[in-house]
There are 2 protein chains.
Amino acid sequence: MDAASPQGFLVHHGRAGVKEADADFAVIASEVPAAASAVFTRSRFAGPSVLLSREAVADRIARGVVVVSGNANVATGADGRQDAEELRRRVADLIEADENDLLIASTGLIGRRYPMPSLRTHVASVRWPFPGADFDAAATAIMTTDTHPKIRRARCGDATLVGIAKGVGMMEPDMATLLTFFCTDAHVGPVVLDDVFRRVMDRTFNALSIDTDTSTSDTAAVFANGIAGPVDLVEFERALGGVALELVKDIARDGEGATKLIEAHVTGARDRAQAKRVAKAVVNSPLVKTAVHGADPNWGRVAMAVGKCQDDLDIVPERVTIRFGTQEVYPAGPEPEKLERVGEYLKSDEVTLHVDLGVTAHSTGEFTAYGCDLTEGYVRLNADYAT
Amino acid sequence: MDAASPQGFLVHHGRAGVKEADADFAVIASEVPAAASAVFTRSRFAGPSVLLSREAVADRIARGVVVVSGNANVATGADGRQDAEELRRRVADLIEADENDLLIASTGLIGRRYPMPSLRTHVASVRWPFPGADFDAAATAIMTTDTHPKIRRARCGDATLVGIAKGVGMMEPDMATLLTFFCTDAHVGPVVLDDVFRRVMDRTFNALSIDTDTSTSDTAAVFANGIAGPVDLVEFERALGGVALELVKDIARDGEGATKLIEAHVTGARDRAQAKRVAKAVVNSPLVKTAVHGADPNWGRVAMAVGKCQDDLDIVPERVTIRFGTQEVYPAGPEPEKLERVGEYLKSDEVTLHVDLGVTAHSTGEFTAYGCDLTEGYVRLNADYAT
């Protein structure tokens, strides 16, 4: 077993005939029941994977997750639901779990049924317990159009934490979905774990936006099997938050066609919700994204994006400050030679756009959103993708 | 005077030194006070042009509008407000109007003051009454990065209606803003005109989205000077709606980098507001826009966009129907040979995406949104634009 992996988790990865050639099937399972929490897409077109997983995690206990890559099993009607139930039952039987203790996640083409015969054959060929816990291989098996696997680890007292993620658009070229899974051997009670996980997700994955589109299958889940014993909860939340944030940045950098990570840091808001609204407006604006791509110190577009928060009547231009990196560009625009330096700054591959709204000085009125630039590569990838 | 122009309106257009070489200044004025209505951007960064115009039209009577092209006069502080007041006062004096009867609209660079000396010199050189009513020239003078002027006309009984518009992004490359002005010699009372105008704007210009960004200076205004006498109001609303819709389509077709007009037609919604939400989600989705650009019959992306309306709990996949043109693609996907035909359809330069939500059969639960495809040209235009 990988020394850097949490104890008591086993990983299966393989080729189950969903994709033509690549790994397309993974199971991550705890040998003992684990405290579990998960958050899902709110899409009205969510498919059976999300619906079944939502039920599975409702009691905050689970054994793990089965992941199919290459087929989203979305918009497949009653047949698709039956397929998902059958696949989950077969994997649950394999790992000697109650089927309602297993989550299922699928990403890929919409509107096409699973290739059930080859999935059945594949599952029948797998033996439990799995021989190892190769999370790197799992991170690779869940990829669709990602250009590289995303995996991050942390220690927390005696416990180990590993997180994997995939996703290059909130909804990729047909290949739907953001997936991210966290496994730890820390002992954290299910109610506390749920609290911590939702807080961490809100400031990491919910602060990420590649292209404003939302997948039908987004799933994020954490499993804590307790084998390494109790941990300091503050330290645990910090470790989980750190791993999640690194994965978020990995995803933004690998966004479709992206060349830069953009952080929109908003301060001085009335409250956190207002700061989040403004940060997302900035990081989602196609004109801000193209300006950063072109390294154009065009702060007027950031002002425009802030202005889009039309119902925030306490935002007034006279109190707003905009900085690119550390350089103030509004209201005190830099001299021409400094503007050039701002242009240089925008050429780096991590760019921070800072907006202070000047509504309050509370440190709670703060939020950072993560995104990427909008490039011709994004359009090419998504326009030329053939169904 | 142009025979196809409404009586009693005069137009001045010229070069006032705002742009380097092109026409950049226009005044559209009624010789007598006209009933007037206007709607504006709700941006929190709206500049003095919008603020002054909002006051000017509050009493629903106005003489016309002065338009500066190439400088938005936004984020220019107290100086910018004084400049706007002075320019408006000078033009009001020229046309013998109360300054509070004149709207002002500006589009172009943000954060830079008007070149007041050359504007003063230009206004001083103009004589009233203007010698003509060349609305075509006005439509040209208000352009920024538009590739051609946008002008549409209609008759309504004895009255004539002309509408002009500019704008190629909701916020163009620095060159902010959608502007549109309608002039008619129909006699329509100010309260009724306001009612009719808001209804028409809601289903035309408010149904338009190029890139989800919102300008700091959007302005739409109508002036009815009554010289041609009363008209049938139903016929008038139809004429105004027709002219506005044609201008909206002109703008979508001329969207930055656009090659196609996309209409998202939603039916079967609970109410009009729900239909509008879904139609805008479809027409704004970058993945739908790139799929249409690539002529990819990728209906999964339309389903995904519908699914983004997360709070509409009465939208369920089982009741939704999606058609590309007249061809149903969901739930009954077409046979392969028909899918090819759908791909062919998507190659045309006007594409209609039809979504029936199946929530109700009320004909009121209906809305059409207008947009354009997302192309590499859009990214190039906006990334390479130098401040």
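Visitor: How many residue pairs are in polar contact between domain 1 of chain A and domain 2 of chain A?

Guide: Look for N and O atoms within 3.5 Å of each other. In this predicted model, six residue pairs are in polar contact between domain 1 and domain 2 of chain A, both partners at pLDDT 80 or more.

Visitor: Which elements give two or more residues to the domain 1 side?

Guide: Helix 5 (190-203) and helix 6 (233-253) of chain A do. Helix 6 of chain A gives the largest share, five residues.

Visitor: How do the residues on that side divide into nonpolar, polar and charged?

Guide: On the side of domain 1 that touches domain 2 of chain A, seven are nonpolar, three are polar and five are charged.

Visitor: What is the count of salt bridges between the two domains?

Guide: Look for a Lys or Arg side-chain nitrogen within 4 Å of an Asp or Glu carboxyl oxygen. Between domain 1 and domain 2 of chain A, the count is four. Elsewhere on your screen, find Glu263(A) and Lys249(A): their side chains meet in a salt bridge, at 3.5 Å from N to O.

Visitor: How many residues are in contact on each side?

Guide: In chain A, 15 residues of domain 1 touch 18 residues of domain 2.

Visitor: What area do the two domains bury between them?

Guide: About 1400 Å², with 50% of it on carbon and sulfur atoms. In domain 1 of chain A, Asp202(A), Ala207(A) and Ser209(A) lose the most area to domain 2, together 30% of what that side buries.

Visitor: Where do the domain bounds fall?

Guide: The assignment for chain A gives 9-254 for domain 1 and 261-384 for domain 2. Their C-alpha centres lie 32 Å apart.

Conventions
Residues numbered from 1 in each chain as written. Chains lettered and ligands numbered in written order. Predicted model: local features only at pLDDT ≥ 70, side-chain atom pairs only at ≥ 80, totals over all residues. Heavy atoms only, no water. Domains from an automatic or database assignment. Contact = heavy atoms within 4.5 Å. Buried area = accessible area lost by both parts, 1.4 Å probe. Polar contact = N/O pair within 3.5 Å; in protein donor to acceptor, adjacent residues only side chain to side chain. Helix = DSSP H or I, 4+ residues; strand = E, 2+ residues; numbered from the N terminus. Nonpolar A, V, L, I, M, F, W, Y, C, P; charged D, E, K, R; others polar.
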